[in-house]
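This briefing is meant to be read with the sequence and the model side by side.

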Amino acid sequence: MMLPQASTVAPNVDHLFDTLLALCALVVVGVFTVMIVFCVKYRRGTDAVRTPARQHLGVELTWTLVPFFLFMGIFGWSVHLWIRLRTPPKDAQPVYVVAKQWMWKVQHPGGQREIDQLHVPVGQPVRLVMTSQDVIHSFYVPAFRVKQDVLPGRYTQLWFTATQAGSYDLFCAEFCGTDHSRMRGRVVAMPPADYARWLHAHQGTGLAAQGADLFRQLGCSGCHDPQSGVHAPDLYDLYGRTVPLADGSQVRADERYLHDSILLPKKQVAAGYAPIMPSFEGRIGEEDVLALVAYLKTRTHAAEDPDEHR
Amino acid sequence: MSTVEPRLPRSYLEEGFGLRSWLLTHDHKRIGVLYGIGITFFFFLGGLAAALIRWELVTPAGDLMSAETYNKAFTFHGVVMVWFFLIPSIPATLGNFLLPLMIGARDVAFPRLNLFSWYLYMAGGLFTLACLVLGGVDTGWTFYTPFSTMFSNTHVILVAVGVFVVGFSSIFTGLNFIVTVHTMRAPGMTWMRLPLFVWSMYAVALVMILATPVLAMTLALIALERLFGVGIFDPALGGDPLLFQHFFWFYSHPAVYIMILPAMGVVSELITAGARRRIFGYRFMVYAIIGIAVVGFLVWGHHMFVAGQSMYASIVFSILSFIIAVPSAIKVFNWTATLYKGDIGFDAPMLYALGFVGLFMLGGLTGLFLAATALDVSLTDTYFVVAHFHYIMVGGAVMAYLGGIHFWWPKITGRLYSEAWARFAAILMFFGFNLTFFPQYILGWEGMPRRYHEYLPQFQVWNVLSSAGATILGVAYLLPFGYLAWSLRHGARAGPNPWDATGLEWRTGSPPPLHNFDRPPEVDEGPYAYRR
């Protein structure tokens with residue numbers, strides 16, 4: 001049984017793996033051969049020549065430096081690939097994942113929701129923005145050679161581009177309690193046309209639209225709308241901007257900042273505003289926070305998608 | 001070496017026969033034996049849990065036990081094997097017994113503290129055992145937060161208290177060894193004449209006293225969060241779950257070297273005695289031990305490449321992890337070169353030592369895959385990692401421990417065991433081990449996550465092979481019990497130096513007298529002064 005290579009990075013990862021494997025096999029065979037030859041030739045009772053031991057600085061330095069430079073070579077190769085694995089392409093389409101004991105909940109920007117399944121288009125980069133509602137989980141798709149832990153209280157991300165249509169195993173790889181081994185699912189990679197059909201068939205209210213509703217229902221608009229009499233930050237064009245904080249530092253308004261500002265508003269207070277916002281911790285779930293964040297990202301003066309500027 | 005058999009008074013075993021004479025002893029040799037009994041007990045309990053895990057995994061469905069029980073079984077296995085077997089194994093038994101003998105001292109520097117550390121070990125061990133058996137814990141030995149602090153309904157705090165207590169026995173042993181090596185070496189025993197086993201004990205003692213307190217603090221913080229709701233690790237309380245992983249691995253990665261450095265020390269003694277040859281590159285071996293102990297403190301983040309730590313932090317931890325592989329490579333090459341022009345006999349201790357070198361090499365090389373960030377993304381938290389650390393911990397540390405027990409058994413007990421049985425057990429263990437753990441590398445590469453109670457049917461073939469290997473391995477571990485116990489009554493008298501080995505411990509009686517030497521020995525040559 002061979003693992004499929006179903007993402008753009010999979011062949012590169014396997015190439016590094018195979019090279020390192022060959023190198024290690026060479027070392028193992030070499031050392032074992034030498035050991036066996038010595039053990040046979042110098043076994044007790046043979047009349048092999050046995051001159052007294054000497055120390056050889058040159059030999060020591062050789063087998064110190066040769067492995068060192070080999071290791072550095074492997075390290076360099078690996079880092080090159082690692083940076084690629086960790087840097088999502090600019091045009092990657094975001095999909096939101098919320099993990100909880102013991103299921104994967106997925107929301108697409110168009111509002112499509114799935115549980116323990118993730119539909120993605122072949123040939124287009126997908127960026128998963130993930131958080132957990134309880135303990136640490138880990139999103140692992142062996143066929144794509146990708147894995148990323150999913151933490152409560154922060155967003156982590158993972159990207160891939162599927163290259164072959166098919167259905168692939170999704171595992172939780174970080175022990176998360178009783179039914180850890182049942183926290184499995186499928187990632188279904190579809191040709192773009194099929195994917196578009198799938199999206200259409202499962203259309204719901206868009207995530208940003210859900211967020212806009214929540215923005216009113218939860219009372220956010222009462223303070224943050226321009227008409228409001230409360231002195232609260234204006235949230236237009238906030239996403240991606242650098243925000244000066246009350247403690248003198250600065251922070252980039254990314255997904256994590258927006259998330260924390262909703263759940264832990266006292267953590268990073270914007271400069272010039274009193275810390276009067278109530279926390280929504282425990283009042284709304286991670287999925288609602290994701291919808292709010294999606295809405296805030298679209299709340300721009302210009303009509304363009306702020307994702308383009310990232 | 002001298003073949004003069006000194007006329008010695010009573011051996012340490014004849015100094016008293018009652019239970020009292022053992023439980024109140026200050027003799028480092030008796031304390032070593034007490035530790036030996038304790039860790040053997042825990043080894044078989046931990047092994048039993050491993051057997052349950054492997055039997056459950058014969059079939060993909062979770063049919064032998066419930067998920068809850070399975071999770072408790074692997075937690076039990078991990079906690080017991082790491083803290084109550086591997087960490088104390090070589091230092092507390094062989095180290096306690098041999099360190100003073102090897103440097104020509106009468107005892108360790110603080111004999112009462114030594115006995116106290118054994119009591120701490122047993123108290124912490126039995127307490128933890130009670131908690132694990134009566135209630136159980138399902139967090140894994142790593143206690144990752146916030147699962148362990150806010151979500152697990154099991155007895156996390158009680159087990160943490162047990163581990164906390166046992167940590168102090170490590171610290172006291174480390175303290176004792178450091179002071180002993182500094183102040184109690186025999187005349188002429190300079191630092192560069194110390195046997196490598198003593199060097200490894202010294203290095204490991206340093207790691208113990210520097211790393212273990214961090215574990216104690218971390219466990220205390222878990223208790224603080226769990227009992228009083230102080231937000232340290234749980235983000236819902238304003239904490240940071242990654243902080244726990246940093247703390248935990250800051251201890252637990254050096255802890256890996258607490259387990260493997262002593263094994264390297266033992267194997268250096270076994271190979272030189274088996275090949276009757278000086279160690280190749282003594283100085284480089286010493287530098288490698290120190291290098292591993294120091295750099296071992298700087299690589300903890302390689303457990304967290306996909307945990308959410310910054311991409312750049314991971315790059316730094318990756319290069320340091322490659323660098324720490326260099327001294328390990330040096331050691332393997334030097335052991336191999338020691339065989340060159342040797343006079344090699346294949347007694348059981350040598351078989352264990354050669355088995356160690358092979359398995360340690362496979363374990364070490366697969367560590368390179370995990371140090372390479374881009375490969376670790378796929379491999380971490382799969383069976384590849386399980387196989388890797390079992391090659392180091394079981395293939396490495398346990399093989400070396402058993403090799404050491406076989407090598408010094410005549411010194412400890414004064415008796416010889418059945419060589420044929422011992423060789424058979426060593427070879428059976430080597431095959432059983434490889435059959436158990438090699439398939440797990442393949443499982444990991446194919447994507448089977450670790451700590452899975454149920455798994456997908458495509459993984460079954462390798463799991464069945466692994467479980468079959470575990471059964472053979474289990475039998476191989478039981479064999480020494482039989483023939484070593486037999487030797488206590490029926491084994492031939494060993495004489496002071498049955499292996500014709502160098503080293504001060506072989507210049508006194510087997511078993512040695514209470515104060516080890518008649519007169520303080522004088523040292524006028526380096527270690528491993530074999531004729532060749």
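Axes here are lines fitted to C-alpha atoms, for helices over the stretch in contact, and angles between N-to-C directions run from 0 to 180 degrees. The model described below is predicted.

**Helix packing in chain B**

- Helix 11 of chain B, residues 348-371, packs against helix 13 of chain B, residues 383-413, at an angle of about 160°, and the two axes lie 8 Å apart.
- Because angles over 145 degrees count as roughly antiparallel, helix 11 of chain B and helix 13 of chain B are roughly antiparallel to each other.
- The crossing of helix 11 of chain B past helix 13 of chain B is left-handed, and the residues of this contact comprise 16 nonpolar, 9 polar and no charged.

**The largest nonpolar core**

- The largest nonpolar core holds 260 residues, of which Val97(A), Val198(B), Leu261(B), Ala263(B), Val267(B) and Phe356(B) touch the most other members.
- Helix 3 of chain B, residues 67-103, supplies the largest share of this core, with 22 residues.
- Leaving aside residues up to four places away in sequence, Val97(A) touches Trp104(A), Val106(A), Leu128(A), Met130(A), Phe139(A) and Val150(A).

**The interface between chains A and B**

- In this interface, 68 residues of chain A are in contact with 65 residues of chain B.
- Among the elements of chain A that give two or more residues to the side touching chain B are helix 1 (10-41), strand 6 (137-141) and strand 9 (166-172), while helix 2 of chain A gives the most, with 16 residues.
- The side of chain A that touches chain B divides into 42 nonpolar, 12 polar and 14 charged residues.

Definitions and conventions. Residues numbered from 1 in each chain as written. Chains lettered and ligands numbered in written order. Predicted model: local features only at pLDDT ≥ 70, side-chain atom pairs only at ≥ 80, totals over all residues. Helix = DSSP H or I, 4+ residues; strand = E, 2+ residues; numbered from the N terminus. Parallel < 35°, antiparallel > 145°, perpendicular 65-115°, else oblique. Left-handed = near helix turned anticlockwise from the far one by under 90°. Nonpolar A, V, L, I, M, F, W, Y, C, P; charged D, E, K, R; others polar. Core = buried A, V, L, I, M, F, W, Y, C linked by C-beta atoms within 7 Å. Buried ≥ 20, exposed ≤ 12 C-beta atoms within 10 Å, placed from the backbone. Contact = placed C-beta atoms within 7 Å.
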